[in-house]
There are 2 protein chains.
Amino acid sequence: MDVKQYMVDVGQKARQASRVVAAADSGVKNQALLAIADAIETSRETLIAANAKDLENGRSNGLDEPLLDRLELTPGRIDTMIEGLHQVAALPEPVGAITDLNYRPSGIQVGKMRVPLGVIGIIYESRPNVTVEAASLCLKSGNATILRGGSEAIHSNQAVAQCIVQGLSSVGLPETAVQVLETTDRAAVGELITMPEYVDVIVPRGGKGLIERISNDAKVTVIKHLDGICHTYIDDQADLEKAYAIAVNAKTQRYGTCNTMETLLVAEGIAEDILPRLAATYQEKGVELRGCLNVCALLSDAIPATAADWDTEYLAPILSIKIVRDMDEAIEHINQHSSQHSETIVTENYTRGRRFLLEVDSSSVMINASTRFADGFEYGLGAEIGISTDKIHARGPVGLEGLTSQKWIVLGDGHIRQ
Amino acid sequence: MDVKQYMVDVGQKARQASRVVAAADSGVKNQALLAIADAIETSRETLIAANAKDLENGRSNGLDEPLLDRLELTPGRIDTMIEGLHQVAALPEPVGAITDLNYRPSGIQVGKMRVPLGVIGIIYESRPNVTVEAASLCLKSGNATILRGGSEAIHSNQAVAQCIVQGLSSVGLPETAVQVLETTDRAAVGELITMPEYVDVIVPRGGKGLIERISNDAKVTVIKHLDGICHTYIDDQADLEKAYAIAVNAKTQRYGTCNTMETLLVAEGIAEDILPRLAATYQEKGVELRGCLNVCALLSDAIPATAADWDTEYLAPILSIKIVRDMDEAIEHINQHSSQHSETIVTENYTRGRRFLLEVDSSSVMINASTRFADGFEYGLGAEIGISTDKIHARGPVGLEGLTSQKWIVLGDGHIRQ
């Protein structure tokens with residue numbers, strides 16, 4: 001197969017289909033989502049058989065256990081896929097809303113209409129349920145989708161794709177509105193991210209390495225999520241109980257998520273009152289502490305942090321802790337070391353809270369709440385396609401609205417420009 | 001000078017300054033804009049002397065007359081710069097608005113705050129007044145700016161930069177909030193567009209060639225404006241007077257602007273009623289007509305259009321005309337050939353107007369209005385930094401809001417994730 005020609009063909013079909021789904025009624029899109037759910041329900045055996053092939057190949061290719069686990073389609077995971085489709089169908093329609101329609105001095109009315117982005121390319125790794133999650137969000141937001149899963153999940157993804165095609169065609173939408181690539185040739189990714197004439201946005205879902213590679217080579221906008229080096233700053237006017245609860249939750253509720261705290265900053269005036277108690281809890285939970293010199297002097301369990309610690313996303317039970325003079329030093333540290341994902345201040349001081357919100361330049365800035373709240377579901381987006389650490393288009397959790405844009409509409413009555 | 005080191009230094013200063021202007025009070029930013037206006041007023045002689053050097057060099061380097069004209073700073077153009085600064089100061093504050101702040105089931109409040117993008121790089125050609133226009137919009141929206149004007153305007157731009165520095169420092173804002181590059185080395189552009197650690201967005205203002213080059217090489221998001229191949233479709237249920245007025249205005253009010261109509265589509269049912277009258281007016285105004293075979297059969301003045309005509313932005317008194325069967329064919333033609341800038345339908349038919357708005361995928365879609373309205377001032381943005389033909393972030397005219405983004409804010413009272 002000529003990969004370039006294959007991808008151009010896929011791209012052209014996606015572009016054509018995108019015009020149809022962009023103009024499709026909300027009801028039709030929702031019927032398609034429910035029909036896909038039905039197709040998955042009746043294809044359980046086929047899905048599990050296809051997945052078994054992938055698992056077998058994975059084992060003989062020596063994939064490690066965590067990867068095999070992510071690859072596996074259990075009956076429970078199929079339930080979750082079906083439930084997810086019902087949930088997305090129930091979300092409010094993201095497309096078509098006309099806002100800010102006002103008369104201008106010239107007599108024309110000018111407003112904005114929310115519209116799909118067009119064609120979205122999704123590049124992801126082993127979890128086959130991403131195929132349905134991503135396809136459903138893109139379809140609901142009126143976009144055509146090109147999905148490129150990992151080669152280790154090719155049989156599972158193709159079986160899921162069959163269900164999607166069934167669902168789409170049962171309501172009269174083009175089957176090419178969601179295309180799962182049939183090739184595992186790596187060159188296909190290179191084509192996908194460099195055909196702006198057919199693809200409007202790329203959403204990579206995977207490790208930092210994958211995302212960096214794609215961002216470097218892409219000629220299409222990438223909605224990307226890199227590090228989550230999140231900070232909690234405990235101010236000297238913090239409520240100690242709130243500070244304790246938040247600092248424990250932000251680090252230990254889950255270690256491997258991007259909104260987990262990686263660095264704790266504590267005002268010197270309150271350090272002795274809060275740090276020993278926190279350290280005891282962290283020790284109990286098996287969290288390794290790496291501190292600045294003042295922290296090490298205060299906490300016998302802490303080992304000295306190196307310069308690299310302040311810039312590291314551990315995704316593990318490790319925490320760096322620094323004692324700072326005041327909020328100014330905390331903000332300075334955050335602006336220098338944060339990945340601009342999520343930061344929180346714990347304080348009862350009104351003025352400092354107000355300043356922190358304004359001056360910290362991260363996609364989520366919080367007062368007296370755990371950074372673990374930075375999540376599309378917690379924010380009420382209903383679902384999320386990813387979390388953006390960019391500033392352009394969408395920051396933070398990206399839901400259906402992040403898969404749309406706004407065009408201008410102008411209504412006149414024969415109006416001409418003077 | 002080591003260009004790379006120089007640009008890193010400029011970038012670092014811009015990043016630092018961006019934190020200060022991002023948090024600056026609205027009143028201080030406005031005072032700075034007015035102080036820059038005052039500095040320009042008192043520096044008229046210096047500006048004109050610096051500009052004279054550029055003009056002299058331009059003449060000896062053989063610049064053509066249109067370029068020299070664009071380069072010239074006349075007293076009237078200095079008036080316009082001063083007036084522009086007063087206008088931008090009077091615009092509503094674009095930064096800091098908190099919207100959609102709602103309680104979530106967990107008890108946290110989640111909302112969005114409008115924030116500056118950070119550091120904006122502007123790359124432009126000969127007009128020195130762009131220096132002030134761009135700097136004022138970026139400052140008002142709380143961004144730091146790095147400006148890279150053309151080498152032919154270096155003395156003028158440096159003189160303008162002096163006025164900007166005076167204005168900034170008179171109100172205590174960092175002088176580095178607006179930096180005009182002191183080098184004309186082309187390598188500086190290469191650095192500017194590939195340092196995402198210091199620059200958040202690039203706005204190129206210039207010809208298509210410049211913009212394409214920058215887009216190809218940039219590692220930073222580019223808010224770009226490429227072609228404006230705008231269409232007017234006259235439906236067979238159009239009001240003939242409105243159709244006549246709009247088709248004349250959209251083509252002939254100005255020829256060189258991106259929102260000028262380049263292709264006229266006419267429903268076959270109405271072609272004989274409207275085209276001869278339009279053709280007479282176009283001929284009177286010296287517009288060359290290039291038509292499909294049916295148009296050529298109807299209009300003796302029209303010459304046959306080639307395939308390339310349907311994809312050409314003439315920016316000149318030339319118009320391509322095609323007779324189409326109906327609106328479906330018109331939309332198909334637009335979706336295939338348009339640059340997704342601005343399109344209009346002339347019709348009295350409610351259903352067709354409604355469909356055209358939904359199905360045409362351009363940054364501005366109009367009913368019964370001239371495409372020439374696609375403009376930041378006409379849309380009420382107060383000012384525009386450019387027009388985007390991209391779908392991401394901002395489509396169409398980009399005003400102050402397009403130079404901002406939204407971050408999430410979370411307010412809690414010791415809330416932790418369950």
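These legends walk through close-up views of a predicted model. Local features need pLDDT of at least 70 and side-chain atom pairs pLDDT 80 or more, while totals for chains, interfaces and linings use all residues. Residues are numbered from 1 along each chain as its sequence is written, with chains lettered from A and ligands numbered from 1 in the order written.

**View 1. Chain A laid on chain B.**

**View 2. Where chain A touches chain B.** Here 58 residues of chain A are in contact with 58 residues of chain B (contact: C-beta atoms, placed from the backbone, within 7 Å). On chain A, the elements that each supply at least two residues include helix H1 (3-23), helix H10 (240-252) and strand S17 (404-415) (DSSP runs numbered from the N terminus: helices are H or I, at least four residues; strands are E, at least two). S17(A) gives the largest share, eleven residues. The chain A side splits into 23 nonpolar, 20 polar and 15 charged residues (nonpolar: Ala, Val, Leu, Ile, Met, Phe, Trp, Tyr, Cys, Pro; charged: Asp, Glu, Lys, Arg; polar: the others, Gly among them).

View 3. S14(A) and strand S17 (residues 404-415) of chain B run parallel, joined by five bridges (strands pair if DSSP finds at least two bridges between them). A:Ser364 has B:Trp408 in S17(B) as its bridge partner.

**View 4. An open sheet in chain A.** Five strands pair in parallel, in the order S5-S4-S3-S6-S7. At the edges sit S5 (178-180) and S7 (221-222), each pairing on one side only. Three bridges link strand S4 (residues 144-148) to S5(A), and A:Leu147 stands opposite A:Val180. H1(A) lies across S3, S4 and S5 of chain A, at about 145 degrees to S4(A) (axes are lines fitted to C-alpha atoms, for helices over the stretch in contact; angles run from 0 to 180 degrees between N-to-C directions).

**View 5. H2 against H6 in chain B.** The axes of H2 (residues 26-42) and H6 (residues 129-140) of chain B come within 10 Å and cross at roughly 165 degrees. H2(B) and H6(B) are therefore roughly antiparallel (angles over 145 degrees). B:Lys29, B:Ala32 and B:Leu33 meet B:Ser136, B:Leu139 and B:Lys140.

How values were computed. Angles under 35 degrees count as roughly parallel, over 145 as roughly antiparallel, 65 to 115 as roughly perpendicular and the rest as oblique. Two residues are in contact if their C-beta atoms, placed from the backbone, lie within 7 Å.
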